[in-house]
Amino acid sequence: MGRIFAIKKYAIHDGPNIRTTVFFKGCPLRCAWCHNPEGISLFIDRIWIKNKCIACGQCLDECISGALFLKNGEIIRDGERCVACGHCVDICPALAHESTGREADVNVIMEEIKKDIVFYDQSGGGVTFSGGEPLYQPHLLLELLTVCKKSGIHRAVDTCVHAKAELVKDVAALTDLFLVDIKHMDSDVHEKFTGVSNGLILENIRLLARMDKEIRFRIPLIEGVNSDPENIEKTGRFIAGVAPESRVDLLVYHEMASSKYDKLGMPLSPFTFRKPKGKDIKRCVEQLERLGLRVFKGG
Ligand code: SF4
Ligand code: SF4
């Protein structure tokens, strides 16, 4: 049993061809530009969205724990009483209650994955485990990888590899392709924007390369964070050194998902992020290509 927050069908940006992407809850990083804030916490929260509520009162009547009550026109949830049954989410006619994730066991997730086997077979696609951070729930990830492997399904893991080397090795033994972000080569800057230093991440990338695993690198390209010539040069040299001629996807920054943060009651980052200018993106591509890397632009 584990916790996920979404299963996306027909995904075409999460690895090769048509894929099903399973988003795990929980992440050890706190990237200041995170576009999936609902994936950060391992815990499943229920949220009430005031402007959707039509004040029918159904959830107040039906909550089995008496955890919901009305105060000054707002529906308040008593966290002590709520047993996270999800009934308010299921019955609200206005979809004003939402859940930031759900409990799901391997069989339930596999049922969804197997519905799309025909698309994987036709397109050469498969399943991608993403998040949050899939290695944050190792038991769920390893079980899913094992079952998918037995079923002959191509397996990609989208990870920051901020995890113990032993776990990375176990995951690698069951994985066909890794999608790995490199956010910054300077450890202090990395820590400033993500909450953790980059030492363990770079070490695990070297480990995967030594194991001859296929790695597709991803750089979230953000002006004022990592798109400067010096950092791009260092990033490119690192990648070319551990895995020459690798594919690098530049994920060009786009606006923060501020409505998601509002909904979750989470504060927005105090930093201001910007999309790099066209000429800077071009320069990043050229710098990386000069190092023999195969660069693709997205975002
Ligand atoms: S069931 Fe939904 S619409 Fe009705 S009071 Fe509760 S939150 Fe509002
Ligand atoms: S999740 Fe269940 S217990 Fe919690 S508020 Fe909703 S109905 Fe009540």
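Reader: What makes up the lining of the largest pocket, by class?

Author: The lining of the largest pocket holds 19 nonpolar, 12 polar and 13 charged residues, where Ala, Val, Leu, Ile, Met, Phe, Trp, Tyr, Cys and Pro count as nonpolar, Asp, Glu, Lys and Arg as charged, and the others, Gly among them, as polar. This is a predicted model, in which local features need pLDDT of at least 70 and side-chain atom pairs count only at pLDDT 80 or more, while totals for chains, interfaces and linings use all residues. Residues are numbered from 1 along each chain as its sequence is written, chains are lettered from A and ligands numbered from 1 in the order in which they are written, and side-chain values use heavy atoms, with hydrogens and water left out.

Reader: Why is the largest pocket called a pocket, and what is its volume?

Author: On a 1 Å grid over the protein atoms alone, a pocket is an open set of points with protein on both sides within 12 Å along at least five of seven lines, whereas a cavity is a set where a 1.4 Å probe fits but cannot get out; lining residues have an atom within 4 Å of a point. The largest pocket has a volume of about 1200 Å³, a volume being the space filled by probe spheres set on the points, which are joined across faces, edges and corners. It is lined by 44 residues, and Asn36, Asp158, Asp181, Arg218 and Leu251 are the closest to its centre. At least two lining residues come from each of β1 (2-11), β8 (126-131), β9 (154-159), β11 (214-221), β12 (247-252) and β13 (294-298); strands (E, at least two residues) and helices (H or I, at least four) are DSSP runs, numbered from the N terminus.

Reader: How do you know where ligand 2 sits?

Author: A molecule sits in a cavity or pocket if more than half of its atoms lie within 2 Å of its grid points, and by this rule ligand 2 sits in the largest cavity. That cavity has a volume of about 100 Å³, and of its 14 lining residues Cys63, Arg77, Cys82, Cys85 and Cys88 are the closest to its centre. Those five residues also belong to the set around ligand 2, which includes Ser65, Leu68 and His87 as well; a residue is near a molecule if one of its heavy atoms lies within 4 Å of it. The shell around ligand 2 has seven nonpolar, three polar and one charged residues.

Reader: Which space does ligand 1 take, and what surrounds ligand 1?

Author: Ligand 1 takes the space of the second largest pocket, whose volume is about 180 Å³. Around ligand 1 there are 14 residues, the closest being Cys53, Cys56, Gly57, Cys59 and Cys92, and this shell has 11 nonpolar, three polar and no charged residues. The pocket itself is lined by 19 residues, with Cys53, Ala55, Cys56, Gly57 and Ile75 nearest its centre, and helix α1 (residues 58-62) gives the largest share, three residues.
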